[in-house]
Amino acid sequence: MRPARRALRLTVVALAGLLLSACATEHGAPAPEPACATPGGWLDPATRLAVGEEDVLGRASATGVVLLGEVHDDPEHHAWQLRVASALHARGRPLVIGVEMLPRSAQPALDRWVAGASSEAEFLQAVRWTETWGHDPELYLPLFRFARDRRIPMLALNVDRGLIAKVHYLVKVEE
């Protein structure tokens with residue numbers, strides 16, 4: 001069994017939801033307080049009060065899953081995700097990085113990437129980046145390089161676009 005799939009207590013950094021982070025409106029502008037922290041700041045989701053980064057990293061290190069959201073085209077959000085993943089890794093917790101932009105069918109290519117068996121160009125072509133995600137890969141590659149350099153397993157968390165299209169079709173038919 002590969003290390004990424006063992007039943008270990010791992011910290012999973014998934015680029016999907018939003019747990020503790022600064023957040024933004026649809027167009028990237030900060031939402032009014034107290035809904036969001038200032039850029040680079042943290043809010044406790046229960047109290048909506050500011051929390052220090054060391055406190056957040058301590059909490060995150062003690063949990064099994066950390067969800068980090070982003071506005072897809074905001075470079076600051078991607079830098080923040082890398083900073084958090086790096087800080088958690090530096091604390092010695094085993095990590096697995098889950099990425100919602102890639103479908104499960106891309107897992108073999110993702111495994112080859114982490115193993116160092118493909119170049120960036122080969123990886124992007126193998127996962128069909130342009131068709132499956134489309135956002136500028138340079139926003140995401142620093143985190144992918146971080147995982148590869150440290151051999152941190154990565155998991156493709158999404159479903160294939162074909163399934164999404166079928167679900168959308170079924171929903172429209174039901175309406």
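**Exercise 1. Decide whether glutamate 53 is buried or exposed, or falls in between, and find its salt-bridge partner.**

Step 1. Glutamate 53 has a relative accessibility of 31%. Buried means under 20% relative accessible area, exposed over 50%, and partly exposed in between, with a 1.4 Å probe and protein chains only. Glutamate 53 therefore counts as partly exposed.

Step 2. Before going on, note that this is a predicted model, where local features need pLDDT of at least 70 and side-chain atom pairs count only at pLDDT 80 or more, while totals for chains, interfaces and linings use all residues. Residues are numbered from 1 along each chain as its sequence is written, and side-chain values use heavy atoms, with hydrogens and water left out.

Step 3. Now look for the partner: glutamate 53 forms a salt bridge with arginine 83, with 3.4 Å between the closest N and O atoms. A salt bridge here is a side-chain nitrogen of Lys or Arg within 4 Å of a carboxyl oxygen of Asp or Glu. Glutamate 53 belongs to helix α1 and arginine 83 to helix α2 (residues 75-90), so the pair ties together parts that are 30 residues apart in sequence. Helices (H or I, at least four residues) and strands (E, at least two) are DSSP runs, numbered from the N terminus.

Step 4. Arginine 83 is partly exposed too, at 36% relative accessible area.

**Exercise 2. Work out where the salt bridge of arginine 59 and aspartate 55 lies.**

Step 1. The side chains of these two residues, arginine 59 and aspartate 55, meet at 3.0 Å, N to O.

Step 2. Both residues lie in helix α1, 4 residues apart, about one turn of the helix.

Step 3. Check the accessibility: arginine 59 is partly exposed at 35%, and aspartate 55 is partly exposed at 37%.

**Exercise 3. Find which residues are joined with Glu138 into one salt-bridge network.**

Step 1. Start from glutamate 138 and arginine 145, whose side chains form a salt bridge at 3.5 Å, N to O.

Step 2. Salt bridges that share partners join Glu120, Glu138 and Arg145 into one network.

Step 3. For the total, the rule gives 6 salt bridges.
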